[in-house]
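Here is a friendly walk through a two-chain model, meant to be read with the structure open beside you. Follow along residue by residue as the text goes.

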Amino acid sequence: MRPVRFNIHPKEAVTSSAISVTEAPAGYTGDGFFTAKLSDVVGLARKNSIWPLPFATSCCGIEFMATAAAHYDLARFGAERMAFTPRQCDLLMVMGTIAKKMGPVLRQVYLQMAEPRWVLAVGACASSGGIFDSYSVLQGIDQIIPVDVYVPGCPPRPEAILDGFMKIQELVGQESIRRRNSTQYKALLDTYGIE
Amino acid sequence: MAVNNELIKNKLIEKFGDALTNFDEPYEMLSFEAPKEMNLKVLQFLYDEESLHFQFLTDLCAVHYPDDKGRELAIVYHLHNLVENVRIRFKVFTSSEKPDVFTATKLFSAANWMERETFDFFGVNFVGHPNLKRILNVDEMNYFPMRKEFPMEDQTRVDKDDEMFGRGGSII
């Protein structure tokens, strides 16, 4: 039997008052000052203002449009400016089927992004080729670029896309500021043939 | 006189005689076949003749019949008469060893990309085409995917989980 377990440790909401406040990063407070780790503060700033680059190819792109619209609203997570330019964006959201002919284009877009950059593969086709197990479809974008978070679904509901986005936020918030210069990261990019 | 299948058939037989074969009307659409050397002559005649006036090429595609030796690839032209709203289908058969067919691009510009697609997927070589190269697949591909001998699935996958795909394995 294939075990599938969902939601075994649900997070309880803190509802002691009408307002819920997120926790400040761990730090040392004094009279008029607060010190914390630089990576915590930078992570906090970065995670709440991620500018996504939507790379919407097919049906998942429509779900992304629904996510960005008023009802599900991606903008309240900080993704207000969806600049469609790799030079100015942090998060590459690949939504939809990527054909083998489109692969080099996607790789070029990824290479043009500036560090720090994250990749979110939305939907079954971007994660693994989806139902299109065929000669012309790239079986998952992780064959050409490194991916941080995969959102399963065909197409995933906007709530699922938001959940993936929140996981990216967790990754961004906890990332060490030295990560992009580290040898492990360079080794990861080497496996993809990226300098 | 209304342009109906009888009229088209009579005009074609009058002009080309016995060369045209297999007149058939599946779902009331006239369909016939010609030898591949004559495909341009037939298309030109259907284009120029005032009463026939088939000046719109709606589709150009191929079918692979691996069991009909010598006639494996059928190239199918769908023509439409916009004035009278009549459609016909015209087939040309060629073998897969030497799939050379004359190009229809000089007559119909729409045939340009449609012939490139047919070349990409079936390997039909259109003689005289201005730019016959792959259009939808990757340029480096060296086989013709829609021919029946090639599998649809990507052969380079290493993580195919047979159980999840419903092949072999156990459901438990």
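Predicted model: local features only at pLDDT ≥ 70, side-chain atom pairs only at ≥ 80, totals over all residues.

## The sheet of chain B

The strands β1(B) and β2(B) run antiparallel and are joined by two bridges.

Both strands belong to an open sheet of five strands in chain B, with the order β1-β2-β5-β4-β3 and mixed pairing. At the edges sit β1 (21-24) and β3 (56-64) of chain B, each of which pairs on one side only. On average, neighbouring strands of this sheet are turned by 15 degrees against each other, direction ignored. Helix α3 (residues 111-122) of chain B packs on the sheet, where α3(B) touches β3 and β4 of chain B. The direction of α3(B) makes about 5 degrees with that of β3(B).

Leu60(B) is found in strand β3 of chain B. Is Leu60(B) buried or exposed? Leu60(B) counts as buried because it has 22 C-beta neighbours inside 10 Å, and the cut-off for a buried residue is 20 or more. Leaving aside neighbours within four places in sequence, Leu60(B) is in contact with Tyr77(B), Ala111(B), Met114(B), Glu115(B) and Thr118(B). For a sense of distance, take Met152(B): Leu60(B) and Met152(B) are 92 residues apart in sequence and 22 Å apart in space, C-alpha to C-alpha.

## Two helices with a buried side

Now turn to helix α2 (residues 39-48) of chain B, in which Asn39(B), Val42(B), Leu43(B) and Leu46(B) are buried. They lie on the same side of α2(B) because they cover an arc of only 95 degrees around the axis. What do these buried residues of α2(B) pack against? Their partners are α1 (5-16), β2 (30-34), β4 (73-81), β5 (86-94) and β6 (100-102) of chain B.

Chain A has a helix to set beside this one. In α2(A), the buried residues are Cys60(A), Glu63(A), Phe64(A) and Thr67(A). Seen down the axis of α2(A), they fall within an arc of 105 degrees, so they line one face of the helix. The buried residues of α2(A) pack against β3, β4, β5, α4 and α5 of chain A.

| α2(B) | Asn39(B), Val42(B), Leu43(B), Leu46(B) | 95 degrees |

## Chain A from end to end

Chain A has six helices and six strands. From the N terminus on, its elements run β-β-α-β-α-β-α-β-α-β-α-α. Its C-alpha atoms fill a box of roughly 65 × 40 × 40 Å, taken along the principal axes. Of the 195 residues in chain A, 29% are buried. Among contacts in chain A with a separation of 6 or more, 77% come from residues 24 or more positions apart.

The opening pair of strands makes a hairpin. Strands β1 (residues 27-30) and β2 (residues 33-36) of chain A pair in the antiparallel sense over four bridges, and Gly30(A) has Phe33(A) as its bridge partner in β2(A). Two residues lie between the strands of this hairpin, and Gly32(A) takes a positive phi near 95 degrees.

Further along, four strands of chain A form an open sheet in the order β3-β4-β5-β6, with parallel pairing. The edge strands here are β3 and β6 of chain A, each pairing on one side only. From one strand to the next, the twist averages 20 degrees. Three bridges join β5(A) to β6(A), and Val122(A) has Val151(A) as its bridge partner in β6(A). Helix α5(A) packs on the sheet, touching β4, β5 and β6 of chain A, and its direction makes about 160 degrees with that of β5(A).

## Cores and the contact between chains

The largest nonpolar core has 36 residues, and those with the most contacts inside it include Leu91(A), Met93(A), Leu120(A) and Val122(A). A second, separate core of 33 residues includes Leu52(B), Phe54(B), Ala104(B) and Phe121(B).

Finally, how many residues does each chain bring to the contact? Chain A gives eight residues and chain B gives eight residues. By class, the side of chain A that touches chain B has two nonpolar, three polar and three charged residues.

Methods:
Residues numbered from 1 in each chain as written. Chains lettered and ligands numbered in written order. Buried ≥ 20, exposed ≤ 12 C-beta atoms within 10 Å, placed from the backbone. Arc of directions from axis to C-beta. Contact = placed C-beta atoms within 7 Å. Nonpolar A, V, L, I, M, F, W, Y, C, P; charged D, E, K, R; others polar. Core = buried A, V, L, I, M, F, W, Y, C linked by C-beta atoms within 7 Å. Pairing = 2+ DSSP bridges. Axes fitted to C-alpha atoms, helices over the stretch in contact; angles between N-to-C directions.
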